[in-house]
Amino acid sequence: MNYLTLENVTKTYGEKTLFNNITLHIDKGQKIALVAKNGTGKSTLLRVLSGIEGSEGENSEIIIRKDIRTGILNQEPDLDPQHTILESVFSSDSPQMKALRDYEYALLRPENTENLEKAMQQMDVLKAWDIENRVKEVLSKLKITDLNQIVRTLSGGQRKRIALAQLLIDEPDFLILDEPTNHLDLDMIEWLEEYLQQPRLTLFMVTHDRYFLDRVCDSIIELDGGQLFRYKGNYSEYLEKKAIRTEIDAVTLDKNKKLFEKELDWIRRQPQARSTKAKSRVDAFYDLKEATSKKIDTDSVQLDIKMEWLGSKIVELHNVGKSYGDKKILENFTYKFRRKERVGIVGPNGAGKSTLIRLLTGEENPDVGKVVIGDTIVFGHYQQDGMVLKEDKRVIEVIQDIAEYIPLEKGLKITASAMLERFLFSKAQQQVYVSQLSGGERRRLYLLTILMKNPNFLILDEPTNDLDILTLNVLEAFLMDYPGCLLVVTHDRYFMDKLVEHLFIFEGNGQIKDYNGQYSDYRAQQKELDQEKSKSDKSVKPEEKTTTQETNKVALTHEEQKELKRVEKEIEKLETKKAEIADRFNDPTITPVLIAKYSKELSELSDQIEEREMRWMELVEKGG
């Protein structure tokens with residue numbers, strides 16, 4: 001079943017053609033990713049698919065199947081700033097979602113028992129309890145807890161997670177996703193990866209997360225030179241097939257160049273007056289000239305910058321402690337960085353990764369202990385929220401303001417313009433104003449401003465967000481040969497695995513574990529430990545399990561205490577309702593139809609009571 005069709009679609013901005021007469025078909029169950037260089041039209045194509053922008057060109061056609069529901073996740077979600085998270089997440093107009101929204105409102109005000117009872121009855125009628133379970137799973141996995149927060153008070157990352165939750169809860173037939181993994185921590189990304197692998201889902205998405213592409217997608221579409229190239233298979237298969245295409249293109253280009261030289265010689269020797277037959281050959285010559293002027297991207301750029309000298313003392317942390325109120329970020333942390341060290345930082349959002357970086361760079365002071373920074377250290381700090389570029393500057397001026405040139409190995413130098421070309425900014429793009437760049441192009445320029453300062457201790461805080469895969473390959477090639485110290489915070493597992501040698505893992509309560517190995521090794525090890533623990537728990541005898549549970553009792557959180565009281569009230573009301581229905585069987589005039597009806601209601605009530613009693617027991621056992 002076809003969900004979407006594009007035929008002969010063209011899009012231009014001024015003199016720039018983003019895509020020309022492209023055709024695309026998406027069928028039910030397909031999971032397709034769009035890959036392209038920043039600034040070539042990825043986001044524009046998504047807006048055309050979504051109906052936000054129209055198409056150009058003769059006979060162009062965009063058809064989206066009308067009897068399906070389409071859900072769109074934009075890079076910048078359009079949420080009402082005055083709404084609460086609850087209002088945003090449950091914004092669907094479906095009857096079940098309306099009932100669930102009313103139920104959640106009622107739970108926030110448990111003192112109004114009448115509203116709560118009405119909401120529960122409506123949930124029963126519409127059989128919306130399954131939806132509630134799905135909602136709780138999505139909100140839990142995306143770590144969305146306080147539903148009363150106002151959208152305008154949220155960060156950009158929080159808004160993106162709210163929009164993603166809203167989309168997944170609504171369960172549309174066709175998902176169009178623009179960078180769905182941005183602003184998610186590693187646990188969230190891995191959960192979303194599994195969620196989107198469901199066969200029933202149909203996807204079209206843009207993402208730079210290559211492991212995500214590899215594990216979720218069954219087709220890759222590349223937008224290159226205004227045309228679409230489709231590759232069957234995941235990201236690994238795409239790389240193989242693209243390499244073959246690039247090789248064929250290179251051979252074809254070489255043949256065309258040789259033919260062009262012959263045709264050029266013929267053109268020069270011809271008189272001005274030509275026959276019709278000769279004119280067709282001239283027209284073919286100009287077509288050939290255009291074909292030979294194209295460049296083939298090789299996805300590699302060597303950046304052999306000469307680094308500032310690095311002394312014997314790098315950065316040392318001695319018994320460092322840091323807290324914010326009752327929350328411990330670091331406790332008694334000691335570490336000495338060595339030359340050419342490559343470290344990745346892993347932990348959930350809010351664990352303290354950015355705090356550690358600020359302690360290292362001297363932007364913050366520890367509560368206890370000390371941080372010693374070597375005299376020769378020159379930090380280069382790429383911050384996810386630190387991009388400040390002057391809109392009225394040209395690209396070349398931004399770089400020249402930092403340095404006209406930088407030193408290379410063997411006494412050579414490279415100019416700002418040449419450096420920009422090596423970082424995928426053509427000479428024409430260098431004359432463009434910053435205000436005209438796409439989001440990804442700005443990120444690439446900002447990254448280059450950090451590298452142009454020639455640091456010997458490079459800190460990259462989420463460097464992969466909004467960068468295209470071509471740029472990531474270039475950056476990785478540079479960092480593989482980088483002779484200084486490298487510290488990376490990223491949710492891009494592919495990037496992390498390729499570059500770092502060991503990990504700082506934030507385990508909570510101020511503890512940081514130094515793990516020797518790649519992130520994928522660490523996750524595989526963690527999964528094995530979880531499976532062993534699960535097997536161990538199942539093999540424990542009932543009396544032993546009780547003892548273990550008693551020793552592991554912890555105080556309930558404020559939200560869990562509220563939930564415990566709420567569940568108790570719900571059980572009480574359900575028991576009362578059950579007794580009322582049971583009394584109706586004493587009526588001597590009761591009919592067989594009513595007996596069947598009441599029996600069904602009693603059965604449903606018993607199931608609901610059992611479910612809430614199980615949850616009540618879990619909370620009571622946890623809190624002791």
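I count two strands as paired if DSSP finds at least two bridges between them. Helices (H or I, at least four residues) and strands (E, at least two) are DSSP runs, numbered from the N terminus.

**Ground rules.** The model is predicted: local features need pLDDT of at least 70, side-chain atom pairs count only at pLDDT 80 or more, and totals for chains, interfaces and linings use all residues. Residues are numbered from 1 along each chain as its sequence is written, and side-chain values use heavy atoms, with hydrogens and water left out.

**Entry 1, sheet.** I looked up β1 (residues 2–13) and found it paired with β4 in the antiparallel sense over four bridges. Threonine 5 has isoleucine 63 in β4 as its bridge partner. The open sheet has three strands in the order β2-β1-β4, with antiparallel pairing. β2 (16–27) and β4 (61–64) are the edge strands, each pairing on one side only. On average, neighbouring strands of this sheet are turned by 15 degrees against each other, direction ignored. I then checked helix α1 (residues 42–50), which lies across β1, β2 and β4 and runs at about 130 degrees to β1. Axes here are lines fitted to C-alpha atoms, for helices over the stretch in contact (heavy atoms within 4.5 Å). Angles run from 0 to 180 degrees between N-to-C directions.

I looked at burial next (buried is under 20% relative accessible area, exposed over 50%, partly exposed in between; 1.4 Å probe, protein chains only). In α7 (residues 186–196), nine of the 11 residues are buried, among them Trp191 and Tyr195. Aspartate 185 caps the N-terminal end of α7, with a side-chain oxygen 3.2 Å from the backbone nitrogen of aspartate 187.

I searched the whole structure and got 17 aromatic pairs. Rings of Phe, Tyr and Trp (its six-membered ring) pair if their centres lie within 6.5 Å; planes under 30 degrees apart count as stacked, over 60 as edge-to-face and the rest as tilted. Tyrosine 235 and tyrosine 238 have ring centres 5.7 Å apart and planes at 40 degrees, so I list the pair as tilted. They are three residues apart in helix α9 (residues 235–269), about one helical turn. Tyrosine 235 is buried at a relative accessible area of 2%, and tyrosine 238 is buried at 3%. Tyrosine 515 and tyrosine 522 form an edge-to-face pair, 5.4 Å centre to centre with 65 degrees between the planes; both tyrosines are buried. I also noted a cluster linked by ring pairs: Phe333, Tyr335, Phe337, Phe379, Phe457 and Phe504.

Conventions: Polar contact = N/O pair within 3.5 Å; in protein donor to acceptor, adjacent residues only side chain to side chain.
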